[in-house]
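Open the structure in your viewer and keep the selection panel at hand. Each stop below tells you what to pick and what you will find there.

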Amino acid sequence: MTVLDGLPRTRTCPFDPPAELASLRESTPVTRMKFPDGHEGWLITGYAEARAVLADPRFSSRAELSRPPVPMNMGGNAIEPARPGMFTGMDDPGHARYRKLLTGAFTVRRMQQLKARVAEITDLYLDEIERGGPAADLVPAFASPIPSMVICEMLGVPMSERENFQSRSAELFDLALSLQDRMAALTELAAFLAKLTKEKHADAGDDLLGDLLATGELTDEELGNIAVVLLVAGHETTRNMLALGAYTLLRNPDQLAVLRDDREAAGNAIEELMRYLSVIHIGPVRTALADVEVGGRLIREGESVNISVPAANRDPLRFPDPDILDLRRKATGHLGFGHGVHQCLGQQLARVEMRTALPALFRRFPDLRLAVPDDEVITNDDAPIYGVGRLPVTWTR
Amino acid sequence: MDTVTRKGNRPMKLQADRDLCIGAGMCALTAPGVFDQDDDGLVVQLVAEPADAQAQLARDAVNACPSGAISIME
């Protein structure tokens with residue numbers, strides 16, 4: 001049997017997963033794949049198989065068992081156990097303990113209550129874009145600051161610190177910067193969040209960190225790390241969905257019109273954009289804790305599995321005509337937020353942000369169009385979360 | 001009464017397991033009249049035996065639940 005040498009990542013169309021993934025899904029939806037450290041593990045491209053692995057507790061999320069599916073240029077390959085509070089790299093019951101403390105803050109109802117505030121924040125940035133027009137780069141002007149401001153408010157970052165917090169967050173996810181600069185931004189953010197956590201002891205405030213502190217169940221180290229997880233998980237993902245989503249819609253005007261003009265369609269439209277774009281294109285990785293058969297293949301204990309969300313979400317066995325963007329399609333069940341006990345904690349927040357910000361953008365600027373040729377809208381096949389680096393647009397005043 | 005019709009319209013029986021629930025909110029989002037979340041984010045079943053349009057939404061919710069916390073009892 002042939003072994004795939006690494007995760008295919010080269011795209012020919014910015015909106016479609018690498019073509020190699022589609023042919024693998026058809027021939028061998030569970031296929032052997034060599035990881036960068038030489039480990040022979042697996043790549044999953046089929047929807048049913050992906051869902052089965054993500055739902056199965058015999059596949060572990062523990063950081064120290066995991067292997068990066070792409071070469072890590074962070075320096076050092078030592079994979080260590082997740083630090084206290086970094087629950088995404090843990091299994092139950094450790095993971096569940098943290099998750100259960102957080103779920104109450106991210107319910108459908110709590111997030112619906114944030115809708116008006118997200119709309120205000122969106123309008124604030126749209127006003128700024130309009131004033132500076134008739135041209136803007138939607139990444140720094142729209143896609144990046146909206147989720148970052150929402151996170152500031154949720155965590156309870158004081159007004160006076162927000163500008164600095166937002167600049168550091170933008171740097172952290174700016175692929176034009178060197179890795180060193182980005183890691184420096186992360187270190188600074190982590191230190192800031194640790195300091196913020198300490199300050200909450202004196203003045204808890206009506207925010208997520210204050211509420212978590214009030215439970216009395218978490219150490220400052222755990223709280224600071226949880227804040228970092230929420231920032232990292234909540235910013236770049238939503239940012240890339242907003243920017244890549246806007247780009248996709250500008251290239252599909254009939255679909256753009258659906259989102260702009262049909263208020264009833266927005267909920268479903270966002271699910272379809274999540275399915276179609278699947279920005280989690282590297283990983284998630286799980287490691288087998290036992291021998292498990294998946295799709296007729298035997299995955300042995302200790303072997304790592306990379307689940308391809310973009311490939312699974314384009315599986316014709318689950319979604320007919322999967323390569324067509326159809327905002328009226330019933331796209332629920334997509335794996336854009338994952339599946340299983342690690343499914344995205346902040347998904348209801350992300351939905352509110354996307355359902356609010358994207359239609360508002362196209363209603364404010366009905367004739368919005370790209371200001372540069374497609375090859376100047378930089379996509380990065382190696383970015384941890386897939387997206388566009390810049391999105392220069394223009395409109396008629 | 002036409003028993004055949006009654007049988008055809010028999011409402012489905014749902015079961016929610018709060019120990020398995022991870023608070024993702026897919027049920028409350030998909031079938032808001034059938035499921036809700038409590039203040040801790042965990043599933044609350046509002047209707048034990050949904051019928052008609054609600055039954056389809058409940059089925060979608062069962063399918064969407066990431067942790068298998070809600071199920072249809074045969």
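The tour goes from overall confidence to sheets, then helix packing, then the interface.

**Confidence first**

This is a predicted model. Its scores are ipTM 0.87 and pTM 0.93. Colour chain B by pLDDT. The chain averages 86, and 84% of its residues score at least 70. Now select residues 1-7 of chain B. Here pLDDT stays under 50. For this stretch the model has one contact beyond four places in sequence.

**The six-stranded sheet of chain A**

Show chain A as a cartoon and find the open sheet of six strands. Read across it in the order E1-E2-E3-E9-E6-E4; the pairing is mixed. Which strands stand at the edges? They are E1 (4-5) and E4 (59-60) of chain A. Each has a single partner strand, so one side of each lacks a neighbour in the sheet.

Next, select helix H2 (residues 47-55) of chain A. H2 of chain A packs on this sheet. It touches E2 (30-34), E3 (40-44), E4, E6 and E9 of chain A. Its direction makes about 125° with that of E9(A).

E1(A) and E2(A) run parallel, joined by two bridges. Pick A:Asp5 to see A:Lys34 of E2(A) opposite.

Move on to E2(A) and E3(A). This pair is antiparallel, with five bridges. A:Met33 has A:Gly41 in E3(A) as its bridge partner.

Then jump to E6 (residues 285-288) and E9 (residues 304-307) of chain A. They pair in the antiparallel sense, over three bridges. Select A:Val285 to find its bridge partner in E9(A), A:Asn306.

**The three-stranded sheet of chain A**

Now look for an open sheet of three strands, ordered E5-E11-E10 (chain A). Its pairing is antiparallel. E5 (135-137) and E10 (369-370) of chain A are at the edges. Each of these has a single partner strand, so one side is left without a neighbour in the sheet. Zoom in on E5(A) and E11 (residues 392-394) of chain A, an antiparallel pair with three bridges. A:Ala135 has A:Thr394 in E11(A) as its bridge partner.

**Helix H11 and its neighbours**

Select H9 (residues 179-200) and H11 (residues 220-250) of chain A. Their axes are 9 Å apart, and the packing angle is about 130°. H9(A) and H11(A) are therefore oblique to each other. Their crossing is right-handed. Show side chains at the contact. From H9(A) come A:Leu189, A:Ala190, A:Leu193, A:Ala194, A:Thr197 and A:Lys198. H11(A) supplies A:Asp220, A:Leu223, A:Gly224, A:Ala227, A:Val228 and A:Leu231. By class, the contact of H9(A) with H11(A) has eight nonpolar, two polar and two charged residues.

At what angle do H11(A) and H13(A) pack? The angle is about 95°, with the axes 11 Å apart. That makes H11(A) roughly perpendicular to H13(A). On H11(A), pick A:Met241, A:Leu244, A:Gly245 and A:Thr248. They meet A:Leu273, A:Met274 and A:Leu277 in H13(A). The contact of H11(A) with H13(A) has five nonpolar, two polar and no charged residues.

**H12 against H15**

Select H12 (residues 253-261) and H15 (residues 347-364) of chain A. Their axes come within 8 Å and cross at roughly 100°. H12(A) is thus roughly perpendicular to H15(A). A:Leu256, A:Leu259 and A:Arg260 make the contact from H12(A). A:Leu358, A:Pro359, A:Phe362 and A:Arg363 make it from H15(A). The contact of H12(A) with H15(A) has five nonpolar, no polar and two charged residues.

**Last stop: the interface**

Show both chains. How many residues does the contact take from chain B? It takes 17 from chain B and 17 from chain A. Highlight H2 (26-30) and H3 (52-64) of chain B. Each supplies at least two residues of the side that touches chain A. That side of chain B divides into six nonpolar, eight polar and three charged residues.

Key: Residues numbered from 1 in each chain as written. Chains lettered and ligands numbered in written order. Predicted model: local features only at pLDDT ≥ 70, side-chain atom pairs only at ≥ 80, totals over all residues. Axes fitted to C-alpha atoms, helices over the stretch in contact; angles between N-to-C directions. Helix = DSSP H or I, 4+ residues; strand = E, 2+ residues; numbered from the N terminus. Parallel < 35°, antiparallel > 145°, perpendicular 65-115°, else oblique. Left-handed = near helix turned anticlockwise from the far one by under 90°. Contact = placed C-beta atoms within 7 Å. Nonpolar A, V, L, I, M, F, W, Y, C, P; charged D, E, K, R; others polar. Pairing = 2+ DSSP bridges. pLDDT = per-residue confidence, 0-100.
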